[in-house]
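Trainee: Could you walk me through how to read a few side-chain features in a model? I would like the general idea and then the case at hand.

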Amino acid sequence: MAARRVLFFATLALALTATVISPTAFAQDAGGQEETAKQPFVGQINANAVFVRSAAREDAYPVTKLDKGSQVTVVGIKFKWLKILPPKGSFGYVPKAYIDRHGSGNTGKASREMFAKVGSDLMEVKTAQMAKVEVGQEVTIIGEKDEYYKIEPPEGSYLYIAQQFVDPVKPIASADVKNAQSDAKAVAATGGTSLAIVDGLTKGNNGSGSGVATPPSTQPTGSAEKETAEATPPSTQPADAITTATNAFDSLEADFKAANEKPIVEQPISQLLVGYEDMLKQDALPASMRRVAEIRIATLKLRDEAKQEFVATRASQEKSAERRKALEAERGEIQERIKQTEITVYAALGTLRTSSIQRGTQTLYRLTDPATGRTLAYLRTSDPKYATLLGQFVGVKGTLSVDPALNMKMIDAPTETVAVDQAKINKTITAQVVPPSLMTVRSASTNE
């Protein structure tokens, strides 16, 4: 099959150089280096995951991928590239602003002249020109993307595929190619191969089975075959190597997309960096994918720096939170110590007793030394709660004065009276009037 492909392409090249063709027989691009094949043909893809590109260059962005056994319609040859009709699923982009859509249907009319741009199933780019759309030309709308309509490839649209991945199957009539170009729906429905095929590949005029007239040769057969083989550009990379590289790239791109959905601290940035750096080491990686890998590496490096800064900031915040908790615990401990050592000051301390002396409308109580029963001070109040405190050692707050009639210290209308622990006297409790017995005990304890 390989020898047959070489012979077929060499025959096309010789036919082009040996025959004088009118200018209308050539379709030239901006570089003026592309010729329409004198005998268009149907070719079959001989490898898996073969890129169809937007232009006849290795670095042109890929449009789609074809697997082994798929067929394409070849209408031209440019160096090692074949110019083909857009295969099934191909599409172009046109600005919505320049298309008057018929209602909400799938057709529209161009309001100005423009170039449709080549769409891609593999990359979100739309830079290569596909074909010119004239004012008033009808287009078939198959989808939308941002401010663009996706349309069926307009008449005059072509894509490109590397020559080494295509085996010739059958020649076809030029008229059939022209008819197919003017009927984009038919081409899309059949994948670009449902054309009137001239069955000449196996029934050529010379009976050789090539289906293409072989021009006269002035050299021996062996020499001609040698020159034909040398004229065919060698493949720069084996098909399986390219397939392996592109599959690995697609897998890495899927991982990159999945990582974008995660918080930055959970993204496997280091692993992705290593993956893309390894991709650049593969010579079989197409130039367009190589550029994407370089962009990914630059992005991941910036993202890694941001991740490191984020992690460092979060660690600093965690340390600050820990220090704050420690300070709060220490503050609580200090407050507790202050609370434990805080001294409460009363006006007088003593055991609450009733008084046999009663004057006026208020009840008179007395505070006594718990050891001797000696009266230390009087209280005058009408609050009934004091009856519940009788016999208890209490601390009384209020204004301490001297009653001239009793010639004793008096607290009129005490503000607070509570039971207290005698053991805390001179520790956390003190008063202006303290039972002498407790002061003596305290002094003796201190001397000891």
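Trainee: Is Glu144 buried, partly exposed or exposed, and why?

Mentor: Buried means under 20% relative accessible area, exposed over 50%, and partly exposed in between, with a 1.4 Å probe and protein chains only. Glu144 has 45% relative accessibility, so Glu144 counts as partly exposed. Please keep in mind that this is a predicted model: local features need pLDDT of at least 70, side-chain atom pairs count only at pLDDT 80 or more, and totals for chains, interfaces and linings use all residues. Residues are numbered from 1 along each chain as its sequence is written, and side-chain values use heavy atoms, with hydrogens and water left out.

Trainee: Which residue forms a salt bridge with Glu144?

Mentor: Side chains of opposite charge can pair when their charged atoms come close. A salt bridge here is a side-chain nitrogen of Lys or Arg within 4 Å of a carboxyl oxygen of Asp or Glu. Glu144 is bridged by Arg101, with 2.9 Å between the closest N and O atoms. Arg101 sits in strand 7 (residues 99-101) and Glu144 in strand 11 (residues 138-145), 43 residues apart; strands are DSSP runs of E, at least two residues, and helices are runs of H or I, at least four, numbered from the N terminus. Arg101 is also partly exposed, at 28%.

Trainee: How many salt bridges does the structure hold?

Mentor: There are 12. One of them joins Lys397 to Glu416, where the closest N and O atoms are 3.6 Å apart. That pair links strand 18 (residues 393-397) with strand 21 (residues 416-419).

Trainee: Over which ring does the charged end of Lys397 sit?

Mentor: The test is that NZ of Lys or CZ of Arg lies within 6 Å of the ring centre and within 35 degrees of the ring normal. Lys397 sits over the ring of Tyr346, 5.4 Å from its centre.

Trainee: What about ring pairs: how many does a search of the whole structure find?

Mentor: Rings of Phe, Tyr and Trp (its six-membered ring) pair if their centres lie within 6.5 Å; planes under 30 degrees apart are stacked, over 60 edge-to-face, and the rest tilted. The search finds 4 aromatic pairs. For Phe256 and Tyr276, the centres are 6.2 Å apart and the planes at 85°, so this pair is edge-to-face. Phe256 belongs to helix 5 (residues 239-260) and Tyr276 to helix 6 (residues 269-280), so the pair ties together parts 20 residues apart in sequence. Tyr276 is buried, at 0%.
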